[in-house]
Amino acid sequence: MTNQSVIESLVRQAVRGVLQATPAAGVQPPGWVDGKPNLRVSISARHCHLTDEHVEILFGKGAKLEPEKPLYQDGFYAAAQTVMVVGPRRRMLPSVRVLGPTRSHSQVELALTDSISLGIDAPTRHSGDIDGTPGCVLVGPAGTVQLERGVIRAARHVHMNLHDCQYYGVENGDLMKLVVKSPACSVTFDDLLVRADEAAKLEVHIDTDEGNACNLEAAEQVELQKQTDSCKCHG
Ligand SMILES: [Zn+2]
């Protein structure tokens, strides 16, 4: 590339960045209300993700996930199907919801309390980061699957689009804090990973243990803050 074309490409990128960061008049970015991000905090109860192959083993040849309830993030849904998750010493969780669409790896996401009752020492990981994690047995109406890995305690995170990133001054991979003000049990959660893409709507995902700790249902105020001690530019 010549110098001139490098400069042109940089300018184009910068212009694109501005266009992405500044909503056009009258256009609301995904999830915004009245020209501002509308923070939503959701509790992710224990659930699993399955591959197409595992759906067929568990629910029968040719079976597909049946979308039952759309999730807040467009394109994602709770399926009608559930599986039984079996741990060592035959301890089990009888009915774990499957979330769709299907993925390239099957994965079980539990709260710490779930993993204790199942007898599996599930590490805190971000979705998809399952190397070296424990496995389990999944039981469906048509068959069983031995998962060699994939049982995790899902790490808290926040989905957001690029307009939200601009609003909060963060980027994909940064960490944030979530402040939850609740009567007699306010909690500040550190280390929420920013998961940004163009279409996401601003939504924090915490697990049932975290939601219970701050009595999220009774919360009077929730606020996202940049976690300054994680800022890469200050080491
Ligand atoms: Zn999430």
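A cavity is a set of grid points where a 1.4 Å probe fits but cannot get out. The model discussed here is predicted.

Q: What volume does the second largest cavity have?
A: The structure holds two cavities of 30 Å³ or more. The largest cavity has a volume of about 50 Å³. For the second largest cavity, the volume is about 40 Å³.

Q: Which element gives the most residues to the lining of the second largest cavity?
A: The lining of this cavity consists of Ser44, Glu109, Ala154, Ala155, His157, His205, Ile206, Asp207 and Glu210. By class, these residues divide into three nonpolar, three polar and three charged. The element that gives the most, with three residues, is E14.

Q: How many charged residues does the lining of the largest cavity have?
A: The residues that line the largest cavity are Ser44, Ala45, Arg46, His47, Glu109, Leu110, Ala111, Ala154 and Asp207. Four of the lining residues are nonpolar and two are polar. Arg, Glu and Asp count as charged, and the number of charged residues in this lining is three.

Q: What is the volume of the largest pocket, and which residues are the closest to its centre?
A: The volume of the largest pocket is about 800 Å³. Its lining comprises 35 residues. The closest to the centre are Ser44, Leu71, Phe76, Leu99 and His205.

Q: Which element supplies the largest share of the lining of the largest pocket?
A: Strands that give two or more residues to this lining include E2 (47-49), E3 (67-70), E5 (92-100) and E13 (187-196). The lining draws at least three residues from each of domain 1 (29-41 + 156-226) and domain 2 (45-153). The largest share, four residues, comes from E1.

Q: How many residues of the lining of the largest pocket are nonpolar?
A: The lining of the largest pocket contains ten charged residues and eleven polar ones. The number of nonpolar residues in this lining is 14.

Q: Why does Val96 count as buried?
A: Val96 is found in strand E5. Beyond its neighbours within four places in sequence, Val96 is in contact with Arg46, His47, Cys48, Thr82, Val83 and Val85. A residue is buried under 20% relative accessible area. Val96 counts as buried because its relative accessibility is 0%.

Q: What distance separates the C-alpha atoms of Val96 and Thr82?
A: Val96 and Thr82 are 14 residues apart along the chain. Thr82 is also one of the contacts of Val96. The separation of their C-alpha atoms is 5.2 Å.

Q: Does Pro123 count as buried, partly exposed or exposed?
A: Pro123 lies in the loop between helix H3 (112-118) and strand E7 (124-125). Its contacts beyond four places in sequence are Thr133, Pro134, Val151, Ile152 and Arg153. Because its relative accessibility is 26%, Pro123 counts as partly exposed.

Q: What share of the residues of the chain count as buried?
A: The chain has five helices and 15 strands. Its accessible surface comes to about 13000 Å², of which 51% belongs to carbon and sulfur atoms. Of the 235 residues, the share that count as buried is 41%.

Q: Among contacts between residues at least 6 apart in sequence, what percentage join residues at least 24 apart?
A: Contact means heavy atoms within 4.5 Å. Among the contacts in question, the percentage that join residues at least 24 apart is 67%.

Key:
Residues are numbered from 1 along each chain as its sequence is written. This is a predicted model: local features need pLDDT of at least 70, side-chain atom pairs count only at pLDDT 80 or more; totals for chains, interfaces and linings use all residues. Side-chain values use heavy atoms; hydrogens and water are left out. On a 1 Å grid over the protein atoms alone, a cavity is a set of points where a 1.4 Å probe fits but cannot get out, and a pocket is an open set with protein on both sides within 12 Å along at least five of seven lines; lining residues have an atom within 4 Å of a point. Grid points are joined across faces, edges and corners, and a volume is the space filled by probe spheres set on the points. Domain bounds come from an automatic or database domain assignment. Buried means under 20% relative accessible area, exposed over 50%, partly exposed in between (1.4 Å probe, protein chains only). Accessible areas come from the Shrake-Rupley method with a 1.4 Å probe; for residues, only the protein chains shown count as cover.
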